[in-house]
Amino acid sequence: MSAGARENRGGGTEVGARIPPSTAPVPASKGLLAPAIALGQAATYLSLFLVYSNLAGIAVSHHHVPRGLAGALPLVLLAVPAILDVLRTRRIVLTPALPLVVLFFAVQVAGAAFSRDPAVSLGEARDTLFEGVGFYVLVTHAVRTRATLRGASWTLLAAGVLMAVVPLHQQVTGSFDREYGGLAQVEGLGFHTGEVEEGGEVVQRRLAGPIGEKNRYAQVMLMLLPLGLFRIWGERSRILRGAGLFVTALAMVGFALAFSRGGAVGLFILVAGMVGMRVVTLRQMGFVVVGVTLLFAALPQYWSRIATIGSAADFMTGEAGRTEEADGAMAGRLTEMLAAAHVFADHPVIGVGPGMFKEVSQHYGNQLGIRRLNEGRRAHSLYLELAAENGAFGLLAYLAAVALTLIGLDRVRRALAREDPELAGAATAYLLVLLVYLGTGIFLHMAYERYFFVVLGLAGSALHIGRGALQGRRDGVPATVRVA
């Protein structure tokens, strides 16, 4: 075996920065290592659960926990196993995206220097350092074996159960005035379903779960779908396959309760991606179609919500007679998105500064004559806001980090499809998770950036482990077909 590859606990190999043979770690007793490894895995899973369920955020917004404490806890929990693994293996994990993630942060720092409000922009850059670079580096170091990657996927799905069960209870009981400690928040007044009862036309509230923002809640829940599907299809145990079916169904329910039109577009992109990559059989695709059909049958209100997408098309093509005839939210978002495009045109290199688009959105948006903005607004588009605030350098660094990860995952899944279907499935699942994020990002700005960098980190871990398996195959190490 080469100096750059090493067998890991979960099978396959692990690759990282090469070290001289004289400094290679001395093998320790497996009995002595086991407790430390178990504690490290537990800390990793707890951190991922706290982040993905947004319990740390709820602690700040609803239970008066200091933001610094709530934000530091998940990072500390991840740092413990990450540091232990570096000390144990004397290897650091170098993923293809890491230099670009660091470059994105550097562009933000540079942009802050030229910002109209450096203090605000430096605050945004600081958040990227901890919630972006920090999470990415720690996740890729804490999750570096097959077993831990599999456990991380189950942890996110477990978080999805908590995130869906309470809002589902809220919907069934109609208790929209209760937030259940922050686990079931409701944003906005809802939308008319077209149904009429004695009290007038029925209004459906849009649920935001523990996130507090309905479209973001839909995005976060939809990202769980690929993970759940590949656990259903990849587990050997009937009990675990049943558990995968249960948690996937709950994630879809949570997704639907947000009644997000952008989320529906993301779902379409996900299904199209699975078909286009030929990662599902006809039987599996039928399973997905039946599940989605049953979901919409249980929540027919979603159909009336999706139907309004047509008014957006009319508005964009100019076929709606007047602006007032278009959906007001759509007109507002179009204004914000075009304003971001104009800001980018005026500040094409490093942007107007992190966090600064909101400060200039009124000035640019109200010159368009589409809908008047009475306050500073976000761009409601990941790509346009990145371009406006971070310029071409920031946008390209961000997209290149994702692109390199996607390309690497695609190579891993293709190369290991027959010899190691479990690892190929994990690579495919995280590829699709990133695809969901990118698709829904068309209509969502980059708030809650920790979600992106956590899943990018897990995708980087899947890539790292997959590359190790490929290296092991080249060195004659048999691939492990199933995750231990």
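How much space lies in the largest cavity? About 80 Å³. The model is predicted: local features need pLDDT of at least 70, side-chain atom pairs count only at pLDDT 80 or more, and totals for chains, interfaces and linings use all residues. Residues are numbered from 1 along each chain as its sequence is written, and side-chain values use heavy atoms, with hydrogens and water left out.

View 1. The structure holds three cavities of 30 Å³ or more. A cavity is a set of points, on a 1 Å grid over the protein atoms alone, where a 1.4 Å probe fits but cannot get out. Lining residues have an atom within 4 Å of a point. Volume is the space filled by probe spheres set on the points, which are joined across faces, edges and corners. The largest cavity has 13 lining residues, and L149, R150, S153, R231 and A426 are the closest to its centre. Helix 6 (146–173), helix 8 (224–234) and helix 17 (421–440) each supply at least two lining residues. Helix 17 gives the largest share, five residues. Helices here are DSSP runs (H or I, at least four residues), numbered from the N terminus. By class, the lining has eight nonpolar, one polar and four charged residues. Nonpolar means Ala, Val, Leu, Ile, Met, Phe, Trp, Tyr, Cys or Pro; charged means Asp, Glu, Lys or Arg; the others, Gly among them, are polar.

**View 2. The second largest cavity, about 50 Å³.** Its lining includes N215, Q219, G262, R333 and F443. Helix 7 (214–222) and helix 10 (261–276) each give two or more residues to this lining. The largest share, three residues, comes from helix 7. Here the classes are three nonpolar, six polar and one charged.

**View 3. Helix 7 packed with helix 8.** The angle is about 20 degrees, and the axes are 5 Å apart. Axes are lines fitted to C-alpha atoms over the stretch in contact, and angles run from 0 to 180 degrees between N-to-C directions. The two helices are therefore roughly parallel, a term for angles under 35 degrees. V220, M221 and L222 of helix 7 meet L224, L225 and P226 of helix 8. Contact means heavy atoms within 4.5 Å. The contact residues are six nonpolar, no polar and no charged.

**View 4. An aromatic pair, Y52 and Y451.** The count of aromatic pairs comes to six. Rings of Phe, Tyr and Trp (its six-membered ring) pair if their centres lie within 6.5 Å. Y52 and Y451 are edge-to-face, at 5.2 Å centre to centre and 80 degrees between the planes; edge-to-face means over 60 degrees. Y52 lies in helix 1 (residues 30–52) and Y451 in helix 18 (residues 449–474), so the pair ties together parts 399 residues apart in sequence.

Note on methods
On a 1 Å grid over the protein atoms alone, a cavity is a set of points where a 1.4 Å probe fits but cannot get out, and a pocket is an open set with protein on both sides within 12 Å along at least five of seven lines; lining residues have an atom within 4 Å of a point. Angles under 35 degrees count as roughly parallel, over 145 as roughly antiparallel, 65 to 115 as roughly perpendicular and the rest as oblique. Rings of Phe, Tyr and Trp (its six-membered ring) pair if their centres lie within 6.5 Å; planes under 30 degrees apart count as stacked, over 60 as edge-to-face and the rest as tilted.
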